[in-house]
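User: Hello! I am new to this structure and would like to go through its helices with you.

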Amino acid sequence: MTTHLGAGAGQAIEGAYILGRLIARLSTALSPPTTACALIPSVLKAYDAIRRPFATRVVETSRATGFLYEFTEPNPSSPDSGPSALPERDLLEKGDKGALKRLGERCYENWSLQWTDMPDSEYEKAENMLREELQAWRATDSPVHKARL
């Protein structure tokens, strides 16, 4: 992840928060602890399904923001040739304040993921996935599987 959104530490904290809550929920719902441990792969599956798409979006947005900061963008016709100048760059050099405003709006839009996507909603999605997995697991006849989440 590039540093252009300052999101690395925040991602780590959010990830730990969601994963910790999922594991805590599982361990309080199931007894003995070995039963809960047996379902850790289900927790990790739910966590990955929820966090990976968001983390990928943060990585891509951070990279795109870096290009904006440098007044460049990836060259889609020749990705190996490096970035090309933004069309606004010439306008900025000529003092076009409208170009600067548009560039600022693009940066703001990229940064908006910092306050629009909250970890609590991701946790709820992961918890629902885990709940469905546990319901399937409890469908077996073992009395150990009768715990409630």
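Predicted model: local features only at pLDDT ≥ 70, side-chain atom pairs only at ≥ 80, totals over all residues.

User: Are α3 and α5 roughly parallel or antiparallel?
Analyst: Angles over 145 degrees count as roughly antiparallel. The crossing angle of roughly 160° therefore makes α3 to α5 roughly antiparallel.

User: Which residues in α5 meet α3, and how many residues of the contact are nonpolar?
Analyst: From α3 come Thr61, Ala64, Thr65, Leu68 and Tyr69, and they meet Leu103, Arg106, Cys107, Asn110 and Trp111 in α5. The residues of this contact of α3 with α5 include 3 polar and 1 charged, and the nonpolar ones number 6.

User: Is the crossing of α1 and α3 left-handed or right-handed?
Analyst: Helix α1 (residues 8–29) packs against α3 at an angle of about 160°, with the axes 10 Å apart. The two are therefore roughly antiparallel to each other. Their crossing is right-handed.

User: How many charged residues does the contact of α1 with α3 have?
Analyst: On the α1 side, the residues include Ile18, Leu19 and Leu22, while Tyr47, Phe54 and Val58 are among those in α3. By class, the contact of α1 with α3 has 12 nonpolar and 2 polar residues, and its charged residues number 2.

User: And how many charged residues are in the contact of α1 with α7?
Analyst: The axes of α1 and helix α7 (residues 119–138) come within 10 Å and cross at roughly 35°, in a right-handed crossing. Among the α1 residues here are Glu14, Arg21 and Arg25, and those in α7 include Asp120, Glu122 and Arg131. The contact of α1 with α7 has 9 nonpolar residues and no polar ones, and the charged residues number 7.

**A look along α3**

User: How far apart are the end C-alpha atoms of α3?
Analyst: α3 has 30 residues, so at 1.5 Å a residue it should span 44 Å. The model agrees with that, as the end C-alpha atoms are apart by 41 Å.

User: Where does α3 bend?
Analyst: The bend is about 30°, and a proline, Pro53, follows within four residues of it. The residue where α3 bends is Arg51.

User: Which residue just after α3 takes a positive phi?
Analyst: Its phi is about 60°. The residue is Phe71.

Terms used:
Residues numbered from 1 in each chain as written. Heavy atoms only, no water. Axes fitted to C-alpha atoms, helices over the stretch in contact; angles between N-to-C directions. Parallel < 35°, antiparallel > 145°, perpendicular 65-115°, else oblique. Contact = heavy atoms within 4.5 Å. Nonpolar A, V, L, I, M, F, W, Y, C, P; charged D, E, K, R; others polar. Expected span 1.5 Å × (residues − 1). Bend = angle between axes of the 7 residues up to and from the residue. Left-handed = near helix turned anticlockwise from the far one by under 90°.
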